[in-house]
Amino acid sequence: MNIKKFILLTTVLVLVANCNSGDRGQLVSVKGKKYHSEEPYGMTLVPGGAFIMGKSDDDIAGVQDAPTKTATVRAFYMDETEITNSEYRSFVYWVRDSILRLNLAEMADLEGRTPGDGDIGDFAYLDSNPDDLNAYESYMLNTYGDGDFQRKINRDIDLIFDTDEYPDELYAEVMDNMYLPLEESYNGQRTWDVKQFKFQYTYMDIERAAKDRNLKRSDVIIKEEIEVYPDTTAWIRDFAYSYNEPMHNDYFWHSAYDDYPVVGVSWKQAQAFCQWRTLKHNGYQKSKGKQPVNAYRLPSEAEWEYAARGGLQGGTYPWGGPYAKNDRGCFMANFKPLRGDYAADQALYTVEADAYDPNDFNLYNMAGNVSEWVNGSYDPASYEYSSTINPNVNDPNNERKVVRGGSWKDVAYFLQVSSRDYEYADSARSYIGFRTVQDYMGTEVTKNAATN
């Protein structure tokens with residue numbers, strides 16, 4: 001081709017491209033989907049800001065693990081109440097039903113059953129019919145095979161729990177395997193084998209990846225498998241020579257305790273719940289063509305204390321203090337106010353998650369009721385070396401995880417917003433629960449903004 005004709009043709013193509021782009025050749029930003037901040041249901045916005053973290057009064061217990069320091073945290077959403085039995089059961093049932101659907105799909109696949117026969121085939125994998133796959137699903141299945149490609153279970157069809165309505169014997173076999181053996185049942189009741197209720201998830205250890213750039217991406221992808229059912233035996237094991245069998249038998253599953261805080265949940269189970277809640281919310285976001293939300297997680301120690309204070313600087317308790325009673329002589333929280341007299345505050349064990357008055361951030365029971373897991377490892381000296389902006393010390397090799405807020409069985413000292421305690425990550429107690437937080441998207445919401 002003649003060089004002059006080539007230059008002329010190239011110039012014309014560039015001009016046409018510029019005319020069609022609509023940017024007149026100027027630098028313009030890439031337009032993404034519009035984002036509208038949405039407050040998660042059951043959460044309240046805690047505006048970011050600075051506060052005096054640690055014990056501003058004398059450390060009566062002499063632990064000396066919380067010296068005062070100024071810390072600043074960014075804005076975040078926090079659950080107004082502790083996670084309740086009803087809310088945690090949603091997680092347990094989702095895991096149980098997912099395993100059931102997976103087992104049914106595997107059995108249908110093994111027996112060559114397909115939808116439409118009115119039997120177990122109706123629970124087959126959604127990709128069991130190659131004609132129903134889109135181009136991406138077809139490519140992934142053909143390229144990576146069944147072992148690596150995540151096959152889709154059918155969540156559109158209702159599970160059948162009434163034995164009189166089981167569609168066939170294969171369905172009955174799958175269901176039977178989800179229960180404890182007959183010889184382990186009593187009073188004519190079959191019990192779920194809750195050891196099978198396992199939740200699998202993966203996450204990236206970003207902190208480790210940032211500190212060691214020589215690591216491959218696969219080195220920092222962590223896979224976890226967690227049994228999700230609470231340890232109800234904690235009600236008995238936590239108190240020797242004590243009759244607490246009714247709480248062991250009824251507390252988690254009975255509707256009478258729906259709105260009470262879940263207990264018997266380890267730190268690792270609380271982390272798994274956060275992963276599931278994120279998965280559940282983003283599944284909905286994706287179905288509506290919306291952007292994903294930030295991950296739900298446990299609060300850092302600094303976030304928890306900042307939220308518990310409710311904007312009160314130097315307060316002993318979430319309501320200020322220094323007393324655990326109001327001016328009418330009523331207790332402000334659920335704890336053990338007298339030696340052995342658990343009922344002096346009108347509650348023997350836990351109370352509803354929204355009992356008592358909330359603090360100024362509209363957060364309930366930040367003191368008492370149940371202690372709460374936070375996303376931090378216990379080190380008595382951590383306040384000395386942690387950062388002053390969003391401080392957090394969570395050593396994966398330190399299994400002692402921090403709990404805050406005190407519980408129904410604790411004395412007033414542990415209700416103080418600055419008191420620290422710990423339990424091991426794989427331990428479950430009848431007095432430890434949790435609540436979750438979610439990062440606020442943006443930085444303009446701060447508690448101190450009006451005074452700057």
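These legends accompany close-up views of a predicted model. Local features require pLDDT of at least 70 and side-chain atom pairs pLDDT 80 or more, while totals for chains, interfaces and linings use all residues. Residues are numbered from 1 along each chain as its sequence is written, and side-chain values use heavy atoms, without hydrogens and water.

**View 1. Edge-to-face pair of Tyr257 and Tyr260.** The structure holds 35 aromatic pairs. Rings of Phe, Tyr and Trp (its six-membered ring) pair if their centres lie within 6.5 Å; planes under 30 degrees apart are stacked, over 60 edge-to-face, and the rest tilted. The ring centres of Tyr257 and Tyr260 are 5.3 Å apart and their planes stand at 75 degrees, so the pair is edge-to-face. Tyr257 is partly exposed, with a relative accessible area of 22%, whereas Tyr260 is buried at 16%. Buried means under 20% relative accessible area, exposed over 50%, and partly exposed in between (1.4 Å probe, protein chains only).

**View 2. Edge-to-face pair of Tyr413 and Phe414.** The planes of these rings, Tyr413 and Phe414, lie at 80 degrees, with centres 5.2 Å apart. Tyr413 counts as buried at 16% relative accessibility, and Phe414 as partly exposed at 27%.

**View 3. Charges over the rings of Tyr422 and Trp267.** A charge sits over a ring if NZ of Lys or CZ of Arg is within 6 Å of the ring centre and within 35 degrees of the ring normal. Arg400 lies over the face of Tyr422, 4.8 Å from the ring centre. Lys401 lies over the face of Trp267, at 4.5 Å from the ring centre.
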